[in-house]
Amino acid sequence: MTGTGTRTGFGHALGLSRALTGLPVAPLVERYGELVAAQKDLGLSHVGELFVPPGGRLRVLDGVFAVEGPGRRRHVGAAVLRGPVAARAGARAAALVERLAGIQERDPAALRRILLYQLVQLLHDHPRGDRPETAAALGIDPAEAAALARAAAGRARLDAAGRTAAESLEDAWAQGRVRAAALCAAALPPAGGDRLLAHRLTAIAALVRDADALLDEARDHEDRGDREGAAARYGQAAGLAWDCPRAVRGLVRTHAAAHPEPGRLAAAPTPEGVVLRLFPGGSGAPGTATPTGLTATTGTTGPATPTGLTATTGTTGPATPTSPTATTGTTGPATPTSPTGATRRIVRLTRGEPLTVPLTEVPGDLATGPVTDSTAPLGREVRYVALPRRPRPAEPGSATTDAPDAATDRAADPTGAAPRGTTAPAAAAGARSASTTAPGTPSHGAFPAPPGAGGAAATGERIPAGGRDGVPADPADEVAGDRDAAEDVRPLISAVLLVAPEVAELVLADGRARVEASWLRPAGAVGVEVTVVGPDGRSVPHGPVIPGFTAAGSGTAGRPAAGDAPSGAGDGHGPGAVTGAAAPGVGLGQASGSGGEGVRVGGVAVGRYAVRVRARYAGPRGEVLSPGTGGEVTVHAWPEPVVGLGARAREDGGLRLHWTGGAGGDVRIVEWPGGAPAQGAELAAEGLPPAVPWVDAAGAADPPPGTLATVSAVAVLGERALAGPSTTVEAPQPVAGLTAHRTAAGRARISFDWPDDTGRVVVTTAPEAGGEPVEHPVVRAVFLREGLELPVGPGAVRVTAYAAPRSSLATVASPGDAGQVLLPADVAIAYRVLPGQRRRLRRGPSVLRVTLVAPGGDPGAGLPDFVLVGGAVGGAARPHRPGDGPELCRVTGSELAAAGTVEREIAPHPPATGPYAVRGFLLGGRAASVRLDEPSLTSLVVR
């Protein structure tokens, strides 16, 4: 790679004397502020601290190099950033490193430019920034520290305003905000050796000059009454500088006068913001047909707008309108698109804002569907302008190839900025073209030429970018070509719109002599105004708005309102419509914030009612109202409610239900699968459970055994029903297998089969001779573990057992099937073994005394015999059964019944060699029901 003349080869401008003669005044990187914020979060004073390991140094003379040791120098490129630098920086700095790598890939000179800019600012902020050791302290290699400090000292210093302008200039330029870019440029010192900044400032100045010239021309046309010519020039000026309030407001003013219809841009407020959409054909002006599927944009002034716009339906692409100044000839190229593919830039104007307030751009692409402006000011009138995007002008000094000339230009550029777009000669030519364009002829026009424009634009011919036959194209021809290409791309302007979104999810419901309405109030609304109009056309008063209220009605009427679509502001049509806050029937919501709320209107007659809800917003001159949304709801007839329900047990078994109320409808006894609704609740008849099958129309109830149910009375009239009171009824589960036998004096053991699904059983003991019965509740767990033994007394007792009611509040049906058993009186036979009487020198034989104990003296028939049995094998073993030994003595039951007490001598049991054990037993007759009263076993010994 060699140049012309001596020392013009690649790198001839490198070296300490020439390398840093033009330090960057501005970083010229988009979103530089975000980069600096991420850098500060990591505690970095400049981005170069990421590039070197601890102890490493930086070289910035002829590129960004990391010096990691003697002879170890590594160029910092995208691959190095994503490799060693990313691994060393860690996960916390990964996002910043990746962003720097992307910047380096898009522009190889940008990374060095950022680093130099930050180093210069640090040196300027340091009190000894002109000393080499200060630069070395920032991590610069000592071999380059002196050159960097000397160059930084010679560059103009930026104050706070200058730094802000320098760091935001590229954002304004990239976003097409020419006026903002011009303000930033005015705050900067001369570019000096910063060639890239000089090219940028030249381009900005050219655009400003062209825009101002077009504004002057537009004003002249407007003064002469040529609205269409003025609108065309205002549109061209807005295409050059969309953030120029004079251009955009002038375009809106003159375009509305020349074209009274709103155009093809429709806007409508929603809770999420203002929704913008293109629709094909149709002017949307008053008296014209409304496009299908579009809703009215709401506004209190300005032309009427298309109706029916919603945020989710009717997506339509941008059809090309017929241009009033279309000329014949060949068709030019398609309209240039933005980097994101959007063909139009959307700008919002707010009524009453001063010209010093910057215009707002709404992000989004109308070509792909609706666009939502989520930051539209609530309570304000706005208007939207869709401006065709102009292609970004070619930047002088930029290149898309690495041709030798481009490389030479990079080497000669002391800032290290890589040319992007053209070679240096082409860049200079572009700069000359921008600076020599005649006033009023924009070099980057994107709008149709004014009427009467001639030249290539009139014939539709496109001039090649390189000119004809190698002759460079004249800038005017370029403009003419752009005008021809944009012939079918005109600005679109919406009607005036009041940003007052309607309430969402309006639900209307009817009830018994009642109307309910609920909705979601949009965020930002300070309240609502509700109007209810009755069948007679008069407004119906209602209470205040209830926060958190949901219209439920009878369960049959609650539904989204299907009323009229939102109409224009100030719509006062229809019977009883109310527009004033003090008018009868209008309630003002006082709940603050957004969320669900509603109203309830009670005491209304049967008929059809219209409900309308308007949201209130704080406007610049007081509160403003949305046009409103609403619908109609019909109040129907209802039956009288059931006010009382009771139950009582019938003597013949079962229950009898009785109720009061329910006039005008049928009373139905039902059992709810879950909890019963509140008394008086309004229900849909189709949702009621079936009537209880064991209750007839007269109220006679025969619940099956084991039933425990809560039944309710419901009054039904047609499709509507009113919940009535409830009562609990129960039929006990029967008890089977009941038996009873005595175990000790005055006690008896009771046994039975525990009924299923029963937690408790009640056992009742009643004296057969008369007296009060005694109830004994029995728990299942205790019964199964220990059984049941109850005190019953000596007399005959009737034992009854039945399942206990599971609810203390239940009305219990007569337990006709409960088990019963008769326990006879307690008859006992007691015996004792008494020692024999002494006869001279020895005792006589032992005596057995047997005594009958019977309550009331009547033991009954069938007494058992008493048998005394001796022990076997010499009498030492005590008998446990009657057959365990010989029978020593027997007393019959008849003898006991006759005498009461019988004594018998016990004959000695041979061989009578010593004492032996005995024991008594009962045999025959009622042995199982007669208790044997035994003495202490130690006393049962015959000696």
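1. Helices (H or I, at least four residues) and strands (E, at least two) are DSSP runs, numbered from the N terminus.

2. This is a predicted model, in which local features need pLDDT of at least 70 and side-chain atom pairs count only at pLDDT 80 or more, while totals for chains, interfaces and linings use all residues. Residues are numbered from 1 along each chain as its sequence is written, and side-chain values use heavy atoms, with hydrogens and water left out.

3. H7 covers residues 160–174, 15 residues in total, and spans 22 Å from its first C-alpha to its last, close to the expected 21 Å (1.5 Å times one less than the number of residues). A kink of about 40° is centred on serine 168; the bend at a residue is the angle between axes fitted to the seven residues ending there and the seven starting there. Just after H7, glycine 176 has a positive phi of about 75°.

4. The buried residues of H7 are Gly162, Arg163, Ala165, Ala166, Leu169, Glu170, Asp171, Ala172 and Trp173. Buried means under 20% relative accessible area, exposed over 50%, and partly exposed in between (1.4 Å probe, protein chains only).

5. The disulfide count is zero, where a disulfide is a pair of cysteine sulfur atoms within 2.5 Å. Cysteine 184 is buried at a relative accessible area of 10%, and cysteine 889 is buried at 8%.

6. Strand S4 (residues 265–270) is mostly covered, with six of its six residues buried. Leu265, Ala267 and Pro269 point one way, and Ala266, Ala268 and Thr270 the other. S4 runs antiparallel to strand S5 (residues 273–278), joined by six bridges; two strands pair if DSSP finds at least two bridges between them. Alanine 266 has arginine 277 in S5 as its bridge partner. The two strands form a hairpin with two residues between them.

7. A separate point concerns an open sheet of three strands, ordered S29-S30-S33 with antiparallel pairing. Strand S29 (736–744) and strand S33 (788–791) stand at the edges with a single partner strand each, so one side of each has no neighbour in the sheet. Neighbouring strands are turned by 30° against each other on average, direction ignored; axes are lines fitted to C-alpha atoms, for helices over the stretch in contact, and angles run from 0 to 180 degrees between N-to-C directions. S29 pairs with strand S30 (residues 747–753) over six bridges, in the antiparallel sense. Arginine 747 in S30 is the bridge partner of alanine 744.
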